[in-house]
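This briefing is meant for a reader meeting the structure for the first time. It takes up the sheets, the helices and the ligand surroundings in turn.

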Amino acid sequence: MRARPAMASALMGAASGDSCRRQQAGGAIVIHARLFDLECLAGSLARGEAFLDRGERDRAARFCKADLRRRYLLAHAALRMTLSEAVGCHPAELSFERSALGKPRLVLNSGVPFSFSFSHSGAYAVVAYGECRDIGADVEVRRKIDRPRALSEAIMSPREHSCPLQHDSWSLIRIWAVKEAILKATGEGLSRSMTDVSLSAAPPNAPILDQLEGDDGPGSWRLAFEEPEPGVALALAVRTEDAPVEFHLEVARS
Ligand SMILES: CC(C)(COP(=O)(O)OP(=O)(O)OC[C@H]1O[C@@H](n2cnc3c(N)ncnc32)[C@H](O)[C@@H]1OP(=O)(O)O)[C@@H](O)C(=O)NCCC(=O)NCCS
């Protein structure tokens with residue numbers, strides 16, 4: 001893996017081997033995110049397919065299209081290789097549980113709080129992890145939205161409607177990524193409407209959560225947004241109990 005040079009935004013730096021350990025610099029919780037271009041890395045990731053479990057293989061087999069099936073397998077190889085490095089075990093030894101709404105959790109005996117989130121879109125996959133309770137990640141690739149006004153209505157909250165609405169495809173996709181990351185952190189995913197999420201600042205600016213309807217959970221939210229490759233939107237959301245958070249992004253190269 002080659003680390004991307006530090007970026008002058010909220011996401012920077014590079015993950016290292018067992019670096020999911022909380023870094024003591026200022027007691028910050030360090031969230032690592034690793035982005036994979038599945039096509040560029042197909043050769044090295046294909047070796048990791050041997051580590052997938054029965055459930056992952058069965059889910060892959062349900063894809064009718066061969067290219068979707070292949071990308072699913074490569075993305076899950078990337079997931080296992082990243083998490084095994086983070087927690088220090090063999091990729092095939094990782095065991096996952098899922099919540100009723102499908103949020104995966106790594107089964108660990110260490111008792112250390114550890115959370116991860118996983119997303120794939122087109123040729124890209126991202127794995128984000130850290131020593132925290134709730135983390136959400138979403139990656140979206142740039143594409144044309146056929147009915148941007150309808151999508152805008154579907155994802156903007158009533159509070160956001162009082163501001164000028166964004167109608168171009170790329171703005172909407174970036175806002176979608178941030179909101180999906182928040183809803184993946186809560187574990188609700190799209191079972192909850194994105195209109196329940198209000199942002200007071202949105203990409204390309206650093207996103208800020210204004211309100212998550214009815215959210216009276218402890219701690220506060222930290223969000224990050226980056227475009228690590230042209231046309232790739234990557235959003236991270238973390239809820240912490242008031243510890244500072246540092247986001248580190250690595251783009252896997254080999
Ligand atoms: C979470 C969700 C938004 C992901 O949508 P998606 O378009 O597939 O987006 P991504 O690629 O970004 O994320 C997929 C990954 O999110 C994770 N995930 C699945 N459900 C999740 C949830 N409720 N919360 C957080 N993460 C979840 C999984 O790791 C999944 O990858 P996998 O299926 O390959 O293991 C969507 O699956 C959802 O809304 N699920 C919850 C509600 C629901 O309808 N569940 C149906 C089962 S009861």
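This is a predicted model: local features need pLDDT of at least 70, side-chain atom pairs count only at pLDDT 80 or more; totals for chains, interfaces and linings use all residues.

**Sheets, helices and ligand shell**

Strand E6 and strand E10 (residues 232-240) run antiparallel and are joined by eight bridges.

**The three-stranded sheet**

- The pair belongs to an open sheet of three strands, ordered E6-E10-E9, in which the pairing is antiparallel.
- Strand E6 (134-141) and strand E9 (220-226) are the edge strands, and because each has a single partner strand, one side of each is left without a neighbour in the sheet.
- On average, and with direction ignored, neighbouring strands of this sheet are turned by 10 degrees against each other.
- Helix H6 (residues 169-186) lies across E6, E9 and E10, and its direction makes an angle of about 150 degrees with E6.

**The four-stranded sheet**

- A further open sheet is formed by four strands in the order E4-E5-E1-E11, and here the pairing is mixed.
- At its edges stand E4 and strand E11 (245-251), each of which has a single partner strand, so that one side of each is left without a neighbour in the sheet.
- From one strand to the next, the twist of this sheet averages 15 degrees.
- Strand E1 (residues 29-37) and E11 run parallel and are joined by seven bridges, and alanine 33 stands opposite leucine 249 in E11.
- Helix H3 lies across E1, E4 and strand E5 (124-130), running at about 25 degrees to E5.

**Helix H2 against helix H3**

- The axes of helix H2 (residues 54-61) and helix H3 (residues 66-87) come within 8 Å of each other and cross at roughly 155 degrees.
- H2 and H3 are therefore roughly antiparallel to each other, and the crossing in which H2 passes H3 is right-handed.
- On the H2 side the contact is made by Glu56, Arg59 and Ala60, while H3 contributes Arg69, Tyr72, Leu73 and His76.
- Sorted by class, this contact of H2 with H3 holds three nonpolar, one polar and three charged residues.

**Helix H4 against helix H6**

- Helix H4 (residues 148-155) packs with H6 at an angle of about 25 degrees, and their axes are 10 Å apart.
- That angle makes H4 roughly parallel to H6, and H4 passes H6 in a left-handed crossing.
- Pro148, Leu151, Ser152 and Ile155 are the residues of H4 that meet H6, where their counterparts are Ser169, Leu172, Ile175, Trp176 and Lys179.
- Sorted by class, the contact of H4 with H6 has six nonpolar, two polar and one charged residues.

**The shell around the ligand**

- There are 14 residues around the ligand, and among them Gly102, Lys103, Ser119, Gly189 and Leu190 come nearest.
- Strand E4 (115-121) and H6 each supply at least two residues of this shell, and E4 gives the most, with three residues.
- By class, the shell is made up of four nonpolar, six polar and four charged residues.

Definitions and conventions. Residues are numbered from 1 along each chain as its sequence is written. Two strands pair if DSSP finds at least two bridges between them. Axes are lines fitted to C-alpha atoms, for helices over the stretch in contact, and angles run from 0 to 180 degrees between N-to-C directions. Two residues are in contact if their C-beta atoms, placed from the backbone, lie within 7 Å. A residue is near a molecule or strand if its C-beta atom, placed from the backbone, lies within 6 Å of it. Ala, Val, Leu, Ile, Met, Phe, Trp, Tyr, Cys and Pro count as nonpolar, Asp, Glu, Lys and Arg as charged, and the others, Gly among them, as polar. Angles under 35 degrees count as roughly parallel, over 145 as roughly antiparallel, 65 to 115 as roughly perpendicular and the rest as oblique. A crossing is left-handed if the near helix is turned anticlockwise from the far one by less than a right angle, and right-handed if clockwise.
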